[in-house]
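Let's take a walk through this fold, from a few local details out to the whole chain. Have the model open and follow along.

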Amino acid sequence: MAADAVDTQVRQTSQELTPTTDRVAIDTESPPNSREPTPTKDPATIDADPCADQLVAHDGVNFTTIKEGLAYILVPQGTPTSTDPKAPKEDADKQSVFYNPIQQFNRDLSVLAIRAFGEDFVAAQKLRKEAEHNKPANKRKWDKKRQKKKELKNLGRKGENEEIGPQSPTKKRRIEGSGEQVEVTDGRIHELGALMPDQEEMEIDIIVDKPEAASHEKEVLPSSTENAVVQVPTNSAPGEIPQMFGEGSKGDVIAGNANPTDQLAPPNSAVPGLNGNTPPPKPDIRILDALSATGLRALRYAQEFPFATAVTANDMSQKATASIALNVKHNKLEDKITPNTGNAIAHMYSFVGTKGYDVIDLDPYGTAAPFLDSALQALTHGGLLCVTCTDSGVFASTGYLEKTYSQYGGLPIKGFHSHEGGLRLILHAIATSAARYGMATEPLLSLSIDYYARVFVRVRRSPAEVKFLAGKQMLVYSCDAGCGAWQTQFLARNIPRENKDGSLYYKHSFAQAPSASPFCEHCGTKTHLSGPMYGGPLHNPAFIERILDFLPHIDKETYATTARIEGMLQTAYEETLVDAPVVSKRGKPTKDSETAENKTADTDLYSSSIPKMDPAQIDHHPFFFTPSNLSKVIHCQAPPDAAIRGALRNAGFRATRSHCKPGTIRTDASWKDLWHIMREWVKQKAPVRKGALSEGSAGWKILRLGEGEAERARDGDGEGEQEDGGKGEGGQRYKVVFDEKLGRDEGPKLMRYQINPRANWGPMNRAK
């Protein structure tokens with residue numbers, strides 16, 4: 001069951017917490033603490049208009065209404081509000097469904113992310129249809145249809161007072177998706193209104209049988225609307241169309257099967273669009289909430305998107321789907337949401353080879369790995385896969401590395417950057433699973449949030465792009481027991497080459513090995529191997545920009561976590577500036593020089609606002625570091641984050657935060673440059689106490705305490721050997737200036753991070 005579905009009466013919040021400034025902040029925009037209805041209120045019925053704190057009685061059970069976003073869910077009275085580990089067993093046993101207010105941030109973000117994707121997806125679909133329509137072959141086809149429509153209209157005008165008799169054995173009624181309808185009734189031809197744009201063209205031939213063959217035949221219209229034929233008896237008066245309809249109005253058409261003993265079907269059931277019968281519009285987006293529980297996500301998706309949406313809310317528990325059906329009815333969304341009871345994997349596999357879903361949301365309790373294969377096969381071309389994994393003790397920890405490999409196909413990282421390593425393991429599992437079926441993945445947004453990971457991945461059916469996958473998977477050599485440095489090695493290389501005509505193509509070849517020594521080059525400590533994991537970019541900057549553009553215009557009460565969403569997305573966006581080839585619309589700088597892979601970036605022809613990133617692009621500078629961890633290695637006072645960022649920027653490097661943790665720095669500087677700056681920090685600001693470092697330790701080797709002045713000067717660390725400005729090219733001969741003003745970011749303070757707001761913060765217990 002989903003981790004965000006638990007029966008509760010009262011939404012738990014962190015109201016008592018106060019936000020801090022830029023470095024760490026608390027989300028204080030949660031709803032009020034108490035949601036207990038006034039006891040004197042009379043219970044409303046399930047058909048009443050929903051509202052917050054509403055008491056509803058249905059089938060002898062009293063419910064309390066909880067509002068989140070624009071959706072309302074019903075929770076039985078007397079249900080515990082949380083799964084406190086110290087709560088009595090009787091309270092835990094009362095839980096039948098799981099609602100977790102902690103994940104409101106996840107749901108708010110998911111609504112905005114799917115909306116950004118959906119608007120772009122719908123616009124791209126329209127552009128694609130227009131492009132198909134304007135192709136020469138298709139254009140001739142449509143010109144022919146328009147000509148037929150014109151002739152049919154002329155026929156209608158000419159024959160307004162013209163009767164049709166036996167001398168005219170065959171007449172046609174044509175219905176075109178882009179034009180007018182013409183109907184033959186009572187011996188006259190009438191023009192009907194235009195059809196809906198998505199209705200198919202069809203013809204109905206009215207054939208007048210010979211008198212001796214059709215005196216007793218019954219008219220039948222096949223259920224298929226394609227080339228349907230109505231058999232008409234001819235025992236009518238000359239010059240008059242025989243009665244070919246049922247007892248109702250003359251415009252009613254009989255739904256067909258060929259058995260003359262069958263009862264007549266309801267009017268207009270066979271031919272949509274006749275006589276004012278307009279079929280419901282096709283949804284722009286089809287969404288599957290695969291592990292729906294209470295259906296809260298499905299309710300919000302159906303309520304809060306500006307485009308037409310059809311949502312399937314699936315759960316294998318009959319109690320859960322009964323709760324979903326009740327919530328759907330209370331929200332009056334029966335026309336948009338379809339509850340389904342069944343195994344999520346089997347349900348998604350049932351769409352193999354057919355048109356599936358445009359968006360699939362996987363939000364399980366624990367890992368989503370078992371659902372990935374079926375979900376990818378149930379997605380349409382260009383669809384969005386939303387994945388939540390709450391097993392951070394597996395993908396971001398080394399306690400169960402054998403389980404990490406079995407679930408995600410790679411080994412975890414040990415170190416302060418383990419959560420970003422976990423994100424890359426999840427993306428690796430999705431990409432390798434998709435590649436088996438000729439599908440390429442593109443991460444649009446990948447976030448490490450609280451105790452879980454949340455990724456949004458666009459999936460395309462493109463065997464050509466799958467060829468780049470090996471060149472985007474990497475191994476990581478980590479000095480986790482020494483100084484904390486790392487080095488990456490990609491499994492293959494995607495090398496751009498130039499054709500004779502000047503166009504570029506890629507050659508896929510083996511990578512050179514080994515790329516790293518078994519021992520750390522900085523401290524000499526033994527390194528450990530992690531991966532393989534995804535080595536491409538974690539985010540698409542244009543996608544983040546699209547969500548950020550929504551925020552000034554949305555209702556802050558509906559999206560209670562807006563402040564934290566803005567802070568985290570802005571931080572994630574800044575991460576892309578370290579090594580981003582996509583030109584930003586927000587006025588931020590991009591790479592200093594354009595590489596061959598940037599020149600050949602294949603943007604999506606039909607995407608208006610979220611262009612496709614280059615499939616060969618890799619992240620040259622993955623992961624982040626923390627100044628406090630570097631200070632622990634050399635046993636010195638920790639420098640302020642702004643001082644280190646200022647030193648990096650003054651030397652010509654880029655330096656931003658990471659969204660994963662507070663106090664982190666992401667940069668394109670090498671580890672040689674980082675240790676050079678830290679040695680200068682010790683010299684200029686915070687000398688190491690004598691005897692603090694034992695001989696032969698990692699910090700002792702990094703500070704080069706066993707080397708003489710001549711050796712340190714040769715490597716660029718001697719007095720008077722520094723030069724002004726410029727990046728270090730191995731020798732690191734540049735002046736280090738700890739400019740805190742340069743290291744501070746301009747602009748308003750943002751709520752970039754959140755700390756645990758209360759005891760036992762986490763995913764809570766699995767639903768009973």
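A polar contact here is a pair of N or O atoms within 3.5 Å; within protein, one must be able to donate a hydrogen and the other to accept it, and residues adjacent in sequence count only if both atoms are side-chain atoms. You're looking at a predicted model, where local features need pLDDT of at least 70 and side-chain atom pairs count only at pLDDT 80 or more, while totals for chains, interfaces and linings use all residues. Residues are numbered from 1 along each chain as its sequence is written, and side-chain values use heavy atoms, with hydrogens and water left out.

Start with helix α5, residues 318-330. Helices (H or I, at least four residues) and strands (E, at least two) are DSSP runs, numbered from the N terminus. At the start of α5, a side-chain oxygen of S317 comes to within 3.3 Å of the backbone nitrogen of K319. Just after the helix, K332 has a positive phi of about 60°.

Which residues of α5 are buried? Taking buried as under 20% relative accessible area, exposed as over 50% and partly exposed as in between (1.4 Å probe, protein chains only), they are A320, T321, S323, I324, L326, N327, V328 and H330. Those residues pack against β2 (55-58), β3 (61-68), β4 (71-76), α4 (296-304), β12 (309-315) and β13 (337-341).

Next, go to S418, in helix α10 (residues 418-435). S418 counts as buried because its relative accessibility is 7%. Its side chain reaches the backbone oxygen of A396 at 3.3 Å. With contact meaning heavy atoms within 4.5 Å, and neighbours within four places in sequence left aside, S418 touches F395, A396 and I413.

Now for a helix pair. The axes of α16 (residues 641-650) and α17 (residues 671-684) come within 11 Å and cross at roughly 120°. That makes α16 oblique to α17, since angles under 35 degrees count as roughly parallel, over 145 as roughly antiparallel, 65 to 115 as roughly perpendicular and the rest as oblique. Where they meet, I644, A647 and L648 in α16 face L674, I677 and M678 in α17.

Finally, zoom out. The protein has 20 helices and 24 strands, and buried residues make up 53% of its 768 residues. Of the contacts with a separation of 6 or more, 68% are between residues 24 or more positions apart.

Notes: Expected span 1.5 Å × (residues − 1). Axes fitted to C-alpha atoms, helices over the stretch in contact; angles between N-to-C directions.
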